[in-house]
Amino acid sequence: MHDIDTVNAELVEQAAERLAGVVTRTPLEPNARLSSRVDARVWLKREDQQTVRSYKIRGAYNFIVQLDAETRARGVVCASAGNHAQGVAYACRRLGANGRVYVPGTTPRQKRERIATLGGAHIEVIVVGETYEDAFAAAKDDAHRTGATLVPAFDDVRTVAGQGTVALEVVSQLGFVPDVLVVPVGGGGLLAGIATWVRERHPDIRVVGVEPAGAMCMAAALEAGEPVRIDAVDPFVDGAAVREAGQVTFPLIRDSGAELTSIAEGAVCTEMLSMYQSDGIIAEPAGALAAASLGASVQVEPGQTVVCIVSGGNNDVSRYSEILERSLMHEGLKHYFLVSFPQEPGALRRFLDEILGPEDDITRFEYVKRNNREIGPALIGVEIPRRADLPGLLARLEKSPLQVEQVEPGSPLFHFLL
């Protein structure tokens with residue numbers, strides 16, 4: 001690992017030279033929907049349109065291309081749930097290096113196949129364990145046994161410098177300096193690279209990092225004064241669901257003057273749906289972090305120029321049912337109840353007629369009839385048209401003779417439903 005003090009704007013600019021002609025100069029597009037939301041000029045930096053559909057190629061290539069011939073001949077290894085592995089695979093094929101990619105069993109087949117396609121004969125995909133930590137342990141063991149070089153997803157100055165090249169492109173494409181740059185944060189490689197370059201070259205830019213609320217490892221590190229392992233991680237924002245901030249990235253972010261905030265996973269889902277339906281953008285959860293924070297945890301001044309980085313677009317289409325579910329619950333439009341019905345004819349009809357509003361919709365009903373009891377429990381999912389309709393629904397439930405328990409977000413049953 002390089003000395004962290006060597007990470008500076010010059011290294012980021014050198015990385016940009018190495019990446020010229022290798023990575024895509026991704027579009028920077030104005031976004032009317034977000035601009036209207038915050039009364040500012042909002043642009044999206046479309047790293048979802050990168051060669052491997054995420055910015056990760058920048059750091060992976062900048063790392064591998066700097067290995068000498070002898071080191072490269074021994075091969076490289078990495079662990080990844082998806083995006084970093086695709087960057088490593090593309091870089092290996094481009095540079096003629098051989099690599100092994102360790103992925104957890106939870107990695108979708110689509111991503112495994114994409115990694116193999118990008119790497120061709122130069123990449124071997126190895127599935128191990130069920131978590132990223134399992135895959136990382138296997139990759140480290142491989143490197144120790146074989147002499148191959150471990151390519152970090154974020155925690156190395158060569159990786160950080162490569163990721164930071166996104167900021168150079170933004171300023172070049174705009175033709176002037178933006179007021180605010182909003183950056184998604186997982187382990188901190190992208191934010192560390194961008195914030196380091198900005199601090200030296202354009203210190204007037206306000207840089208804001210956005211973590212998912214269920215994986216705030218960088219916030220925990222800043223509070224503790226060093227990287228610490230957080231107890232629990234919500235894996236939904238998989239591209240940013242990191243348990244511990246990097247030893248390299250943490251001090252760079254700490255010293256950069258960048259702000260740090262977070263946004264709820266449900267808000268990310270709502271933004272993903274808006275990006276898809278209004279903008280025609282297929283963003284992965286981490287790719288929607290920055291945009292989701294605008295007007296929520298990130299406030300900007302009217303008329304400012306704001307750039308949000310869409311970090312990736314490797315989203316599995318099968319996840320959209322969960323995305324819609326989380327969005328509706330976050331918006332207060334979907335609620336679950338455990339209802340004990342009397343075992344008698346007409347009980348369900350009375351529930352429909354007397355408790356549900358005229359526009360309310362039952363989206364889930366699981367009923368277990370118990371012949372030896374007077375009541376039977378049912379799990380009911382109700383979607384309401386407006387958040388303001390909830391108090392009326394709860395009041396009608398309260399007045400009814402039914403035994404009703406609302407399934408609260410955060411409860412074990414709630415997590416089971418999702």
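Biologist: Which residue in strand 13 is the bridge partner of E366?

Modeller: This is a predicted model, and the pairing is read from it. Strand 12 and strand 13 (residues 375-383) run antiparallel and are joined by six bridges. In strand 13, the partner of E366 is L379.

Biologist: In what order do the four strands of that open sheet lie?

Modeller: The pairing in this open sheet is antiparallel. Strand 12 (361-367) and strand 14 (403-406) each pair on one side only, which makes them the edge strands. On average, neighbouring strands are turned by 25° against each other, direction ignored. The order is 12-13-11-14.

Biologist: What angle does the direction of helix 17 make with that of strand 11?

Modeller: Two helices that pack on the sheet can be described here. Helix 15 (residues 320-330) touches strand 11 (334-342) and strand 13, and its direction makes about 85° with that of strand 11. Helix 17 (residues 390-399) touches strand 11, strand 13 and strand 14. For helix 17, the angle with strand 11 is about 15°.

Biologist: Which residues are in contact with V207, leaving aside its neighbours within four places in sequence?

Modeller: With the neighbours within four places in sequence left aside, the contacts of V207 are L181, V183, L191, A195, V198, A258 and E259.

Biologist: How many disulfides does the structure hold?

Modeller: A disulfide here needs two cysteine sulfur atoms within 2.5 Å. For C217, the nearest cysteine sulfur is that of C78, 19 Å away. For C308, the nearest is that of C269, 17 Å away. The number of disulfides is zero.

Biologist: Does C217 count as buried or exposed?

Modeller: Buried means under 20% relative accessible area. C308, at 1% relative accessibility, falls under that cut-off and counts as buried. C217 has 0% relative accessibility, so C217 counts as buried.

Methods. Residues numbered from 1 in each chain as written. Predicted model: local features only at pLDDT ≥ 70, side-chain atom pairs only at ≥ 80, totals over all residues. Heavy atoms only, no water. Pairing = 2+ DSSP bridges. Axes fitted to C-alpha atoms, helices over the stretch in contact; angles between N-to-C directions. Contact = heavy atoms within 4.5 Å. Buried < 20%, exposed > 50% of the residue type's maximum accessible area, 1.4 Å probe, protein only.
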